[in-house]
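Welcome, and please take a moment to turn the model around before reading on.

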Amino acid sequence: PQQRWRIAGIAIGFAVWQGDEAAANALIEQLKVIGDKQTPVTLARLICEAWRGIFHWTRSEHGSAVEVLSASRAQCREVGLGIFEHQFLVQLILTAMSAGQSDEAARLISIIWATFQPFQVALLQMTRAMEAMHHALAGRAVPATRLTQELLRSDSFRDAPTSAAFHHCMIAIALLETGALEEAESCASGALERAGRLPSDRWTFDTTMVLAGVALARGAVDQSLDWLREALRVGASRDFGGGISLFQAVRTAQLLALALRHGIEVDYVRRLIRRRRLMAPKDFESSEVWPVRLRIRTLGQFSVLIDDQPVHTTNQAARKPLEVLKALAGLGTADISLAHLGESLWPELDGAAAHNACHVAIHRLRKILGDESAIRIDHGTVALNWADAWADVEAFRHLASHVRAALAGGLRSQPEIEGLAGQ
């Protein structure tokens with residue numbers, strides 16, 4: 001078995017380098033047969049587990065990635081291979097950033113600095129680029145700018161195109177998020193040139209998505225569309241479900257909305273939006289076509305669809321949970337006090353009993369919807385997870401605000417009137 005782990009680790013790395021992530025995934029699945037609790041934990045086995053974690057987060061399967069990478073990191077330390085702990089920490093940091101968990105990424109970055117050895121210069125530079133990207137994504141422009149300028153003055157990974165593409169793509173993202181658009185374009189173009197030397201098109205996808213973001217930030221929509229067509233063509237051919245260029249949720253949603261408006265790789269874009277659980281941009285006019293798991297109709301006959309399939313709930317036990325769902329949809333995107341919701345739906349009960357009844361109904365509603373994350377509870381408030389939900393009443397509310405604004409400003413032309421009518 002140990003020899004098979006060694007061979008598999010090399011084969012997986014080679015398949016990824018060649019751009020055949022499907023073959024690499026198939027190898028990892030085969031390894032489950034030879035992996036068990038009695039098999040000794042070796043470096044070869046840990047490398048294969050690291051690949052498993054990487055494939056999870058690059059498919060936006062963040063929970064599975066954390067589970068695999070955290071367990072492997074702990075095993076690494078237990079068997080005296082702590083010198084390799086940073087490999088798992090890097091992937092855990094990327095997983096946290098991919099999931100939008102900025103605080104967790106910051107915590108892990110503070111840990112990783114203590115794991116470095118003096119000779120790990122290349123990894124140090126890579127981590128600094130990752131930290132610059134994290135600062136920029138979190139809106140901390142000053143430390144992000146300082147780090148990116150330092151990194152741009154160095155000439156790391158000159159003869160390592162895979163590492164160079166990764167390194168420069170992270171720096172380009174940091175530059176984009178801090179508004180340094182010319183430098184971002186130059187850096188992303190350099191990353192794309194390095195990506196072009198590789199058999200894999202993973203970094204071609206990420207760098208062209210960054211370039212599309214730079215062009216959109218400049219207001220150069222036609223140029224952004226050109227980059228989007230190329231990036232999404234590559235992404236669709238590989239069915240990429242994640243990547244570092246997709247970490248900034250608002251910008252990614254804007255780019256994918258642009259793709260939907262222009263009919264670019266629509267099926268793939270819809271899948272990608274669902275995987276990333278992106279909310280539609282506020283200016284996205286056709287909100288009903290934005291792909292979400294949960295659709296609620298309350299204007300007219302009440303109905304609930306999950307993955308476009310109707311939910312049939314006729315039993316009495318579902319009545320109150322569905323009333324909670326109607327209330328959450330009707331009250332809009334703001335967080336709602338659990339106490340207020342309980343009082344409204346259970347007026348016959350006192351405060352504590354109504355609060356408890358509300359919790360029970362929400363628990364049952366999550367079961368009906370088949371997704372714990374569909375309903376968010378946080379510090380005494382509750383709301384739908386609008387990143388993966390749509391309600392006709394909220395769409396109507398959004399349209400009504402547009403109409404009010406248009407009437408207040410005065411409709412100036414027939415096209416404007418027709419545009420509102422189309423919505």
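In what order do the four strands of the open sheet stand? The order is β3-β2-β1-β7, with mixed pairing; strands are DSSP runs of E with at least two residues, numbered from the N terminus, and two of them pair if DSSP finds at least two bridges between them. β3 (309-310) and β7 (389-391) stand at the edges with a single partner strand each, so one side of each has no neighbour in the sheet. β7 pairs with β1 (residues 294-297) in the parallel sense, over three bridges, and here A391 of β7 stands opposite I296.

This is a predicted model, in which local features need pLDDT of at least 70 and side-chain atom pairs count only at pLDDT 80 or more, while totals for chains, interfaces and linings use all residues. Residues are numbered from 1 along each chain as its sequence is written, and side-chain values use heavy atoms, leaving out hydrogens and water.

A search of the whole structure finds two cavities of 30 Å³ or more; a cavity is a set of points, on a 1 Å grid over the protein atoms alone, where a 1.4 Å probe fits but cannot get out, and its lining residues have an atom within 4 Å of a point. The largest cavity holds about 100 Å³ of space. Its lining has 14 residues, with L176, E177, S245, Q248 and R251 nearest the centre. Helices α9 (161-177), α11 (202-218) and α13 (249-261) each supply at least two residues of this lining; helices are DSSP runs of H or I with at least four residues.

The second largest cavity holds about 40 Å³, and R293, L294, D371, S373, A374, N385 and D388 line it.

Notes: 1 Å grid on protein atoms, 1.4 Å probe; cavity = no way out; pocket = protein on both sides within 12 Å on 5 of 7 lines; lining within 4 Å. Points joined across faces, edges and corners; volume = space filled by probe spheres on them.
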